[in-house]
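Thank you all for making the time this morning.

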Amino acid sequence: MLDILTDMGLKDYALGKTPQPNETSAKEAWAKKDQQALSAIHLRVGDDPLVYISDADSSNSAWTTLANMYQPAGPIGIVQVQQKLFHAQCQDGEDINDHI
């Protein structure tokens, strides 16, 4: 998702690195870019996470919600993700390409 937002020039909006300006004309341009980033996020997430970000009013709030849901938190989270990765197995009869 960050690669898509980077390609669109909107990554800093989602990460909260582009603060909202004080000038009225600049606010409108900022809001338009922020809504483009929010729309890009909405269009590319699955139905399950969309429920959690459908009420987000900015790309940063949507991104923060998704990051809190999917990024491992602390050492325990990292160990759990590593265990999940190392214990992944292709079931008998399952297509290896589908598994990967």
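Let me begin with how the elements are named: helices (H or I, at least four residues) and strands (E, at least two) are DSSP runs, numbered from the N terminus. What you are looking at is a predicted model, in which local features need a pLDDT of at least 70 and side-chain atom pairs count only at pLDDT 80 or more, while totals for chains, interfaces and linings use all residues. Residues are numbered from 1 along each chain as its sequence is written, and side-chain values use heavy atoms, with hydrogens and water left out.

On confidence, pLDDT is the predictor's confidence in each residue, from 0 to 100. The protein averages 89 on that scale, and 99% of the residues score at least 70. Helix α2, residues 11-14, has the highest confidence at 95, whereas helix α6, residues 74-86, has the lowest, at a mean of 80.

Let me turn now to the aromatic residues, where rings of Phe, Tyr and Trp (its six-membered ring) pair if their centres lie within 6.5 Å, with planes under 30 degrees apart counted as stacked, over 60 as edge-to-face and the rest as tilted. The structure holds one aromatic pair. The ring centres of Y13 and W30 are 6.1 Å apart and their planes stand at 50°, so this pair is tilted. Because Y13 lies in helix α2 and W30 in helix α3, residues 24-44, the pair ties together parts that are 17 residues apart in sequence.

Are these two residues buried or exposed? For the wording, buried means under 20% relative accessible area, exposed means over 50%, and partly exposed is in between, with a 1.4 Å probe and protein chains only. Y13 is buried, with a relative accessible area of 15%, and W30 also counts as buried, at 15%.

Around this pair we can follow some contacts, where contact means heavy atoms within 4.5 Å. P21, in the loop between α2 and α3, touches A26, K27 and W30, if we do not count residues up to four places away in sequence. P21 is partly exposed, at a relative accessible area of 23%. N60, which is found in helix α5, touches Y13, A14, L15, G16 and D34, again not counting residues up to four places away in sequence. At 28% relative accessibility, N60 counts as partly exposed, and its C-alpha atom is separated by 10 Å from that of P19, 41 residues apart along the chain.

S58 lies in the loop between α4 and α5 and is buried, with a relative accessible area of 16%.

Finally, which residues form the nonpolar patch on the surface? They are V51, Y52, M69 and Y70, with about 470 Å² of accessible area together. Patches are made of residues with over 30% relative accessible area and no salt bridge, where like charges are joined within 9 Å and nonpolar side chains (Val, Leu, Ile, Met, Phe, Trp, Tyr) within 5 Å. A salt bridge is a side-chain nitrogen of Lys or Arg within 4 Å of a carboxyl oxygen of Asp or Glu, and accessible areas come from the Shrake-Rupley method with a 1.4 Å probe, where for residues only the protein chains shown count as cover. Helices α4 (47-53) and α5 (59-70) each supply at least two residues of the patch. Y70, which lies in helix α5, is exposed, with a relative accessible area of 52%.
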